[in-house]
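Thanks for coming. I will start with the ligand site, then go to the overall fold, and finish with a few backbone details.

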Amino acid sequence: MPNVLTDEQVECWRRDGAIWPIDLLTPEEAGEYAKRFKALEDSIDGEVQDRFRIKAHLPFPWLWDLIRHPRLADVVEDLLGPDIVCWGSSFFTKKAHDPRFVSWHQDTTYYGLEPPESITAWIAFTRSDTESGCMRFIPGSHAAATVLPHDETHDAENLLARGQTIHEIDESTATEMPLEPGQMSIHHNMTVHSSEPNRADYARIGFAIHLVSADVRQVHFDGALGIRLRGEDRNGNWTEDPPPAYEMAPESLAAVDEYWLRYKNAMPARA
Ligand SMILES: O=C(O)CCC(=O)C(=O)O
């Protein structure tokens with residue numbers, strides 16, 4: 001029996017490889033997160049999603065709090081079991097009328113996790129719908145448990161680091177995952193997904209939290225870091241992430257950069 005999700009949601013997860021919408025925050029709380037995001041955006045050069053990669057939470061106590069939201073762990077426990085580690089987090093943001101997109105891809109391509117069983121909780125700080133370019137996915141695409149060939153396009157308008165793209169996707173079953181502020185979707189790392197440009201008058205701000213069962217390990221490099229959210233890490237696969245002494249502490253900023261370099265340099269090249 002799941003704790004929080006319904007039997008139908010768990011069945012949908014097994015069959016389709018994604019579930020949405022799941023209520024996590026109130027719309028007011030989501031609005032506060034959006035405000036914090038915008039304040040951060042105004043305070044740095046360049047874009048937040050480019051500056052803080054794969055461990056975006058490290059310098060921000062408010063993102064640590066979000067990752068440790070008890071309802072998030074309750075939901076994830078229904079899918080991954082009792083031992084839960086957050087191994088990363090990333091912003092996926094599109095400004096109002098932003099031509100950028102995310103090509104069809106599978107997350108597992110570069111993750112370096114063994115077994116390749118990771119899930120992403122994608123939390124909407126603002127509305128994510130058809131107009132603003134919400135995520136869409138191919139139901140059941142996770143089930144083959146195969147990494148499909150990805151072409152590294154390095155397209156400047158693609159939000160993915162290498163523009164990794166699976167070509168020739170049959171989009172006839174593509175399904176959108178619209179979310180209201182404060183709701184989240186969860187997708188499996190084998191699920192084929194993408195998103196279109198933002199044609200709306202408002203920004204689409206999403207925060208993606210990457211989660212595994214503690215028995216999953218990083219095989220691309222040693223010394224993988226994570227936040228244990230629940231249960232035990234019996235094999236010692238994950239050393240605890242260093243918490244920020246305060247917002248944007250220099251040590252935390254350096255830790256984001258150092259980890260991103262390690263992660264990026266260990267990524268295998270794809271065709
Ligand atoms: O935000 C998007 O449009 C795509 C997000 C994504 O690819 C992911 O969370 O894995």
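Start at arginine 204, where a polar side-chain atom sits 2.8 Å from an oxygen atom of the ligand. Keep in mind that this is a predicted model, so every distance I quote is computed from predicted coordinates.

Histidine 193 places a polar side-chain atom 3.0 Å from a ligand oxygen. For aspartate 107, the distance from a side-chain N or O atom to an oxygen of the ligand is 3.1 Å.

How much of the ligand's accessible area does the protein cover? On its own the ligand has 300 Å² of accessible area, and the protein covers 99% of that. As for where the ligand sits, the space it takes is the largest pocket.

Now the shell around it. Besides Asp107, His193 and Arg204, the ligand is surrounded by Phe92, Val102, His105, Thr120, Trp122, Met135, His187, Ser195 and Ala208. By class, five of the shell residues are nonpolar, five are polar and two are charged.

Which strands each supply at least two residues of this shell? They are β3, residues 102-105; β5, residues 118-124; β11, residues 193-195; and β12, residues 204-213.

On to the whole chain. The secondary structure amounts to seven helices and 15 strands. Along the principal axes, the C-alpha trace spans about 45 × 40 × 40 Å.

Last, the backbone, for anyone planning to check the geometry. There are two cis peptide bonds to point out. Tryptophan 20 to proline 21 is cis, with omega near -15°, and proline 21 is part of strand β1, residues 18-23. Glutamate 114 to proline 115 is also cis, with omega about -10°.

The remaining item is isoleucine 54. This residue is not a glycine, yet its phi is positive, at about 60°. Isoleucine 54 lies in the loop that runs between α3, residues 48-51, and α4, residues 61-67.

That is what I have for today.

Conventions:
Residues are numbered from 1 along each chain as its sequence is written. This is a predicted model: local features need pLDDT of at least 70, side-chain atom pairs count only at pLDDT 80 or more; totals for chains, interfaces and linings use all residues. Side-chain values use heavy atoms; hydrogens and water are left out. A residue is near a molecule or strand if one of its heavy atoms lies within 4 Å of it. A polar contact is a pair of N or O atoms within 3.5 Å; within protein, one must be able to donate a hydrogen and the other to accept it, and residues adjacent in sequence count only if both atoms are side-chain atoms. Accessible areas come from the Shrake-Rupley method with a 1.4 Å probe; for residues, only the protein chains shown count as cover. On a 1 Å grid over the protein atoms alone, a cavity is a set of points where a 1.4 Å probe fits but cannot get out, and a pocket is an open set with protein on both sides within 12 Å along at least five of seven lines; lining residues have an atom within 4 Å of a point. A molecule sits in a cavity or pocket if more than half of its atoms lie within 2 Å of its grid points. Helices (H or I, at least four residues) and strands (E, at least two) are DSSP runs, numbered from the N terminus. Ala, Val, Leu, Ile, Met, Phe, Trp, Tyr, Cys and Pro count as nonpolar, Asp, Glu, Lys and Arg as charged, and the others, Gly among them, as polar.
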